[in-house]
Amino acid sequence: MHFVMGGIAMSHFILFLAILHSILAVAPGDNSRDSNLLLRIKSELFDPSGVLNNWSPTAHICTWNGLECSNDQMHIISLNLSGSGLSGPIPHELWNLTSIQTLDLSSNSFIGSLPPELGQLQNLEALLLYSNVLSGEIPEEIGALKNMRVLRVGDNFISGVIPPSIGNLTELRVLALAYCQLNGSIPVEIGNLKHLQSLDLQNNSLSGLIPEEIRGCKELVNFAASNNKLEGDIPLLGSLESLQILNLANNSLSGSIPTALSQLRNLKYLNLLGNRLSGAIPSELKQLVQLEMLDFSMNNLSGSIQLLSTQLKNLAALVLSDNALTGNIPSNFCLSSSSNLRQLLLARNKLSGQFPLAVLSCSSLQQLDLSENHFVGELPTSLDKLGNLTDLVLNNNNFTGTLLPEIGNLSSLENLFLFDNMITGGIPVEVGKLQRLKAIYLYDNQMSGPIPSELTNCSSLTAIDFFGNHFSGSIPATIGKLKNLVVLQLRQNDLSGPIPPSLGYCRSLQLLALADNKLSGTLPPTFRFISQLSTITLYNNSFQGPLPQSLFLLKNLKKINFSHNRFSGTIFPLSGSSYLIAMDLTNNSFSGSIPSRLSMCTNLTRLRLAHNQLTGTLPSEFGQLTQLNFLDLSFNNFTDEIPPHLSSCKKLEHFLVNNNQFTGAIPPWLGSLQELGELDFSCNNFHGTVPANLGNCSKLLKLSLHDNSLSSIIPEEIGNLSSLNVLNLQKNNFTGSIPSTIQNCKKLYELRLSENLLSGLIPYELGELTELQVILDLSRNLFSGEIPSSLGNLMKLERLNLSFNQLQGKVPTSLGKLTSLHMLNLSNNHLQGQIPSTFSGFPRSSFLGNDQKLCGPPLASCGESEVQRVKRLSRTAATGITVAIVLTSSAICLIMIYIMLRIWCKWGKVSISNSDGSGGKEEDKWGFGNEKKMVGEYWKVNSVALVPSETADMKKQKSASCYTTSK
């Protein structure tokens, strides 16, 4: 008995030791290998949320956050720290946890790469490292993880190729490598993964062909390889009978859609958008009865639509946009009793015919997009059958007729896009019933009539766009009811009257476009409430009066265009926003000075204030507008010099200050504006020289300095402007010769140098400016010598004016080749010889004033000599005198006979009184009063007509002539 009791006691003792050993293995303060590894791992991580706070020797290791132990609590089999906000490199100690089966560190901020030591985790079944900041390549050693079932390392910066060793993971069910930077091709070894159910390779840079071996993945349910660079044909995947999702969108796949896809009877999602597929859509795809979503958009597919919703009864979305499909939708496309179709998108094809009535049977339809096709005819009255419709998109077709009242029955409608059709008539008042309507786009139609006030009952409206119609009448007075309105686009209609004050209560409004109408009146002060307004365009109306001071409160304005109205007063109310990008106030009657506050708009790129009555000087603070690229201050009354601070506006492309009263010299710093493309300083009071620095503006296309008091020579650096199209220096005091470097301005098509004091020869090099087309005007200078024959090379030239110079010699016959010439003036020179025959169609005034030494049509013929002409004139004169004598003698005889008869009849009256006689000879009077003496003609630069030369009483003030815009 004692022996038995002793044996039992001994066995209990042994069991106690075993339990004690087991407990000690994981007891607090244990120095086991895993515990030490995990504590070192903790020390290397940044843990702002304190997720690892209970990783402590004082706590049982199996109670540590994220850890899972084996049943005997001897080993760590799972570590899950997903979404814990951890960061730092993945500690290398992690790869020594050889008993681990699941490692999930996803959705953190771990950095670094996957080391080869990863291959030591022989028991690993699931590795989830997605959504971190990992980089580097996938190590080849990953192929050693024979037990791996789930591998998800996507959404990182991992690069390189997919290692072929991945094919060794024969137990793999999920392979997710999406949203990385992988390149190369999909390895053929992928076909070894017989149990693979999900293959996600989306959003990488994979290229090459989809391997045929993928057909070996018999259990594949999801295959997603969209947004890569895959090419070639789609392989025959008909053997993947379990496949439910096939997403190959946005690659470069070509060829036709394989009919073998119709064998994928479990397929629910098929997306091939954004490839280069061509040919017809296989009708066999109607066998995919489980299909819920089909997207073949953005390919080159052709032929007609053969797919029927009646057969694809589970189909909820059919997207075939951006192809070359033709014909119409089949008449039996939908059966209302069975259709689940909610989305039908057929935009940007070549579909034609009447509105497809077949879609009216798709009772579940929510989105219908037939835009940018060739549909014609009227919209059906039964359109309201689509009671669930939220989006009706029919824009860019050829629909005609009117917008029917039945549109008001589409109670679920949120977006109505009918723009760019030929719809006529008015907006039915029934539109006001569409309480869910958010956007109505009717622009570019031929609609007319008033905008119904009922439209303002659509309280959900965020966007109204009626641009380019013929709507008339006034803007509805109740427009302010649309509290959610963000966009109001009514430009280019026939609207009249004032802006209703209630518009100011559309407090969400960001874009207001009322331009190109017949609106009038002043701006309502309620505008101050539209605090979110960023763009306002009112140009081409008849608004008038000063601007409300309250506009200054609109602090979010970015774009303002009030041009071509009758506004007056100061522009200060428009300077309240520091976010301004563009302001155009051209052609109003604004006065006063430019507010210096505009300099705070540091993002301002366009400022156009031309054709107003602004005065004062330019604010020196404008130098802060470093983003400015368009500055137009022309046709105002600005004075003083151009401030040097503008030299900071390095992005300036258009700089126009013409027709003002600026003084001083042309600033040399203009040469530092490397982006300058148009410079117009004409019609001011600038003096001095043209700075040579202007030659640095290599992008300059137009340089206009005419009508100033500039002097000295034209700088040679002008030849550096190789992009120049227009050069106008006329009406200054330039001297010297035309620099030969002008031949480098090969793109010149307009050159005006008239009314200066230029002298010397006309450069032969001008003949190299073969793009000259609009005009070459060198008139009213002091040029001498002969006309260079090289001007005959200017084959595109339409107008040539060399009048009022001191040119000599003959008109070069080469000029006769200028077949494009339709205006010519060579008058008032010293030219001689025969005029080229091709010039016979020009008026005589084009050649007069050349010392009568030019001949040939339209002047006198060159066939007779001067002596012969004198002799011919003498003979003509003699003949005239003889005839005159004979006629005079005959007249005298008749008079004498008449007198004798009178004497005979009045015999008694023989006394003749000398006082009553007509002994004084009556002088002939030759009237010169109506005769205009032709003193030569010149070609007025600003007109295409030839006008008489200026006499003292005909000269106009220069300030007046500057307001004639050059054509």
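**Exercise 1. Decide whether Cys62 is buried or exposed.**

Cys62 has 18% relative accessibility, so Cys62 counts as buried. The cut-offs: buried means under 20% relative accessible area, exposed over 50%, partly exposed in between (1.4 Å probe, protein chains only). Cys69 has 14% relative accessibility, so Cys69 is buried too.

A note on the source: this is a predicted model, where local features need pLDDT of at least 70, side-chain atom pairs count only at pLDDT 80 or more, and totals for chains, interfaces and linings use all residues. Residues are numbered from 1 along each chain as its sequence is written, and side-chain values use heavy atoms, with hydrogens and water left out.

**Exercise 2. State which parts the disulfide of Cys334 and Cys362 ties together.**

Step 1. The sulfur atoms of this disulfide are 1.9 Å apart.

Step 2. Cys334 lies in the loop between strand E22 (324-327) and strand E23 (343-345), and Cys362 in the loop between strand E24 (350-353) and strand E25 (367-369), so the pair ties together parts that are 28 residues apart in sequence. Strands (E, at least two residues) are DSSP runs, numbered from the N terminus.

Step 3. Cys334 and Cys362 are both buried.

**Exercise 3. Classify Cys855 and Cys862 by accessibility.**

Cys855 has 18% relative accessibility and counts as buried. Cys862, at 34%, is partly exposed.

Terms used: Disulfide = S-S within 2.5 Å. Helix = DSSP H or I, 4+ residues; strand = E, 2+ residues; numbered from the N terminus.
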